[in-house]
Amino acid sequence: MKIVITGAAGQISYSLIPFLCERGVFSNDEKLDLALVEIPPAMNKLEGFVKELEDSAYSTVNSITTFDNINDAVEEADWCLLVGSIPRGIVFKGKEIKERADLLQINGNIFTEQGKAIGSKAKSNCKVLVVGNPANTNALIGQKNSNNPNQLWMAMTMLDALRAKAQVAKKINCHVDEIYRLAIFGNHSPTMFPDLENANFGGKNLYSKIGDKSWVENEFLPRIQQRGAEIIQARGASSASSAARAACDTVKNVENSTRSGDIFNAAIISDGSYGVAEGVFSGFPLISEGNGIIHIARDFNLSEFAKSKIKITSNELLEERELVRDLL
Ligand code: NAD
Ligand code: LMR
């Protein structure tokens, strides 16, 4: 199983790669061939990390190879985890990067080249997870440039789902694993919509169990939407350990069947479901049959409140798509 990871010397990858190398992420016992990609100035740092990975002596790993260009790295890849890109919260060319969408022009170009390389060289059933921000629209750029409809392109919304589960678990004093069907709709941005109305706890409706509309709308919602910014402010760097956990969880969910009665979260190309504009990458509740076969869960009932929130995030995705028209 060949796994390509870009941005391999960055802070997310420093947690992500060890997570991926633990047993139980992939459904079969195939050994992993890790292809780690960086830009030339970061190759020394990457070589240092590779020494650490070697010293970890993972029984799951067959080989570790480094690349300073995407084209050679993605040959016959089964998975591509596209993490490499610039995070917000820094000053770039004299301008402070405040929102993830501000990264569109900076990071967008990376995904045209990577999309072309993956489309022409990776396996025809390759699975791609875009983590680099703005993840949804970067995935759109990558997928369009790949020109290969059989490959599965996704953008990461799992972190938002984990954040939402953690906040709800604290609120009702339960374990995160007891929460089912908590879906993130839309963009991985402050417009995202975490839906509690279709979520379950102990086989009962979670929204009713919480029984606090004001908390859901005025505390929970903005907290999840702004959690990334909250972490940047506190840490002076964007989330890394939790982002790595979420990326690994996404891979695990795509490789293995979804537990009965549950869904998992990622953004995929919209077919117009749940009122999301067609042809943008949007978070949806997904069900996995394992081995990369996934589909949208169709049985969510949306209230007028939910529909109005999904419209906002869908419109934002359309606006982002307009901004990168020349890259599609
Ligand atoms: P980082 O700066 O620590 O690491 C990024 C790495 O990417 C750097 O080592 C850099 O050299 C490398 N890189 C840049 N351009 C590259 C290219 N063209 N090819 C290969 N490598 C390249 O950043 P990080 O904290 O690891 O975050 C990475 C990205 O993930 C950021 O865009 C961040 O905003 C995003 N992120 C997304 C989520 C999410 O939920 N979707 C969560 C957290 C962070
Ligand atoms: C996050 O949600 O933590 C990441 O997307 C990083 C960011 O810019 O907020």
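Buried means under 20% relative accessible area, exposed over 50%, and partly exposed in between, with a 1.4 Å probe and protein chains only. By that scale K213 is exposed, with a relative accessible area of 52%.

## Basis of the model

This is a predicted model, in which local features need pLDDT of at least 70 and side-chain atom pairs count only at pLDDT 80 or more, while totals for chains, interfaces and linings use all residues. Residues are numbered from 1 along each chain as its sequence is written, chains are lettered from A and ligands numbered from 1 in the order in which they are written, and side-chain values use heavy atoms, with hydrogens and water left out.

## Two domains

The protein is divided into domain 1 (2-155) and domain 2 (158-327); these bounds come from an automatic or database domain assignment. Between the C-alpha centres of domain 1 and domain 2 there are 22 Å. Domain 1 puts 39 residues into the contact and domain 2 puts in 42 residues, where contact means heavy atoms within 4.5 Å.

The size of an interface is often given as the accessible area lost when the parts come together. Here the buried area (accessible area lost by two parts on being put together, 1.4 Å probe, summed over both) is about 3300 Å², and carbon and sulfur atoms give 64% of it.

## Polar and charged pairs across the interface

Twelve residue pairs are in polar contact across the interface of domain 1 and domain 2, both residues being at pLDDT 80 or more. A polar contact is a pair of N or O atoms within 3.5 Å; within protein, one must be able to donate a hydrogen and the other to accept it, and residues adjacent in sequence count only if both atoms are side-chain atoms.

The elements that give two or more residues to the side of domain 1 that touches domain 2 are α1 (11-21), β4 (79-82), α4 (104-121), β7 (127-130), α5 (135-146) and β8 (152-155). Helices (H or I, at least four residues) and strands (E, at least two) are DSSP runs, numbered from the N terminus. On this side α5 gives the most, with seven residues. The residues of the side divide into 21 nonpolar, 14 polar and four charged. Ala, Val, Leu, Ile, Met, Phe, Trp, Tyr, Cys and Pro count as nonpolar, Asp, Glu, Lys and Arg as charged, and the others, Gly among them, as polar.

Between domain 1 and domain 2 the count is one salt bridge, a term for a side-chain nitrogen of Lys or Arg within 4 Å of a carboxyl oxygen of Asp or Glu. E255 forms a salt bridge with K127, with the closest N and O atoms 3.4 Å apart.

## Salt bridges within helices

Side chains of opposite charge can pair when their charged atoms come close. The count of salt bridges comes to eleven. One of them joins R163 and D160, with 3.8 Å between the closest N and O atoms. Both residues lie in helix α6, three residues apart, about one turn of the helix. R163 counts as buried at 9% relative accessibility, and D160 is buried at 0%.

In helix α8 (residues 213-225), E217 and K213 are four residues apart, about one turn, and their side chains meet in a salt bridge of 3.6 Å, N to O. E217 counts as partly exposed, at 22% relative accessibility. Helix α11 (residues 304-323) holds E304 and K307, three residues apart, in a salt bridge whose closest N and O atoms are 3.5 Å apart. E304 counts as exposed at 59%, and K307 is partly exposed at 42%.
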